[in-house]
Amino acid sequence: MLIFSNELLSFATTSDTLILDGQVIYLEQDTLSDVERQQYAFDSDYRKIRKKGIWGLEANIGTMTMSNENNVIPIGQSALYTLSPDFQRRSWGSGAAIMACYHFQDHLALRAGIEYNQIEWKSMHLENIDEWNALDIFESSFNANGLQAFYRVLVDSSLGLYELDTMTVKPAINQHKHQLFSIPVMAAFHLSSPSKRYRTPNVLMMEMGAVCRYGKVQAPAMSSITDRQDLVSFPETNIEWTQWSMRTAITWKRMMGKKGLNSLFLVSRLQMDWPPLSFEQAGWSWKLPQSFLTFGILWERGKSLHSLNN
């Protein structure tokens with residue numbers, strides 16, 4: 001038989017009595033503080049909240065290089081500029097990009113944006129080559145005044161006598177310009193372990209993806225010289241194309257500062273596109289740059305292991 005005192009177990013009183021099988025049990029009320037009540041209410045209503053991803057914006061500038069020596073050259077010809085004392089074996093270009101990124105997890109991110117790159121290289125051109133080609137030239141070279149020809153002049157046909165003479169012409173130096181607009185979409189994978197990212201602001205990432213490229217080459221007229229000392233001129237050429245390429249990159253990030261959910265990073269990236277692009281002008285072919293080195297600033301907002309915001 002079970003008997004309750006006060007007919008009900010009321011928690012309004014300071015104490016109650018419970019009689020069970022003849023045994024008297026005293027119940028005492030435990031008064032909770034406001035903080036404890038809030039804690040118990042939180043535990044009963046608790047739901048696991050999915051951690052939100054981190055997003056950011058990056059601005060960077062970069063550099064690229066290409067060889068001025070053509071990878072495909074017509075047999076028996078040499079570009080005038082490659083024979084000039086002012087010839088430079090490499091040309092350097094620059095570019096800039098704006099990128100947006102979103103981290104789905106601590107080890108996986110998606111990047112997309114727009115890039116612009118430009119590189120220029122030189123060539124030489126002679127307007128009037130007919131006068132040069134009409135001469136009996138046996139040797140040519142560059143001097144301080146330009147391209148010099150050593151040619152034979154027949155003075156006595158009966159005796160077959162010749163005299164030597166020279167002629168100097170000044171070639172015009174022109175600029176080839178390559179402009180490239182790119183829209184890359186990249187997946188980035190963190191190579192640093194989570195435990196290491198807790199202790200250091202340095203992050204190393206591997207990136208892979210695709211890029212849509214629109215290229216434009218402005219190639220002015222250029223001249224070359226054959227083994228027989230004849231000049232050949234090629235007209236001005238303008239070429240545009242659109243191409244999809246694959247891209248891989250290695251990225252290094254270092255956190256420079258953090259305030260709340262906002263983090264600032266210094267970013268360095270080495271990236272390569274394939275297959276490489278090439279530009280052709282009347283049989284002459286240049287292999288255009290396919291690797292880029294960039295430096296930039298990345299701003300990110302959110303909580304993530306890689307930004308040390310936990």
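Let's start with E207, which is buried at a relative accessible area of 0%; buried here means under 20% relative accessible area, exposed means over 50%, and partly exposed lies in between, using a 1.4 Å probe and protein chains only. The model is a predicted one, in which local features need pLDDT of at least 70 and side-chain atom pairs count only at pLDDT 80 or more, while totals for chains, interfaces and linings use all residues. Residues are numbered from 1 along each chain as its sequence is written, and side-chain values use heavy atoms, with hydrogens and water left out.

What does the side chain of E207 meet in a salt bridge? The partner is R269, at 3.2 Å from N to O; a salt bridge is a side-chain nitrogen of Lys or Arg within 4 Å of a carboxyl oxygen of Asp or Glu. This pair links distant parts of the chain, with E207 in strand β12 and R269 in strand β16 (residues 262-274), 62 residues apart. Helices (H or I, at least four residues) and strands (E, at least two) are DSSP runs, numbered from the N terminus. R269 counts as buried too, at 3% relative accessibility. E207 and R269 also belong to a network of salt bridges that includes E58 and R111.

A search of the whole structure finds 10 salt bridges. One of them joins the side chains of D136 and R152 at 3.1 Å, N to O. Because D136 lies in strand β8 (residues 136-143) and R152 in strand β9 (residues 146-156), the pair ties together parts that are 16 residues apart in sequence. Here D136 is partly exposed, with a relative accessible area of 33%, and R152 is partly exposed at 34%. Another salt bridge brings together the side chains of E300 and K253 at 3.2 Å, N to O. A nonpolar core is a set of buried Ala, Val, Leu, Ile, Met, Phe, Trp, Tyr and Cys residues joined through side-chain atoms within 4.5 Å. The largest has 17 residues, and W121, F279, W286 and L288 have the most contacts inside it. At least two residues of this core come from each of β4 (54-67), β7 (108-125), β12 (202-219) and β18 (284-287). Apart from this core lies another, of 15 residues, among them I129, A149, Y151 and I225.

W286 leads us on to Q281: leaving aside residues up to four places away in sequence, W286 touches Q281, H176 and M222, among others, where contact means heavy atoms within 4.5 Å. Q281 lies in strand β17 (residues 278-281) and is buried, with a relative accessible area of 0%. A polar contact of 3.3 Å joins the side chains of Q281 and H176; such a contact is a pair of N or O atoms within 3.5 Å, and within protein one must be able to donate a hydrogen and the other to accept it, with residues adjacent in sequence counting only if both atoms are side-chain atoms. The side chain of Q281 also reaches the backbone oxygen of P235 at 3.1 Å.
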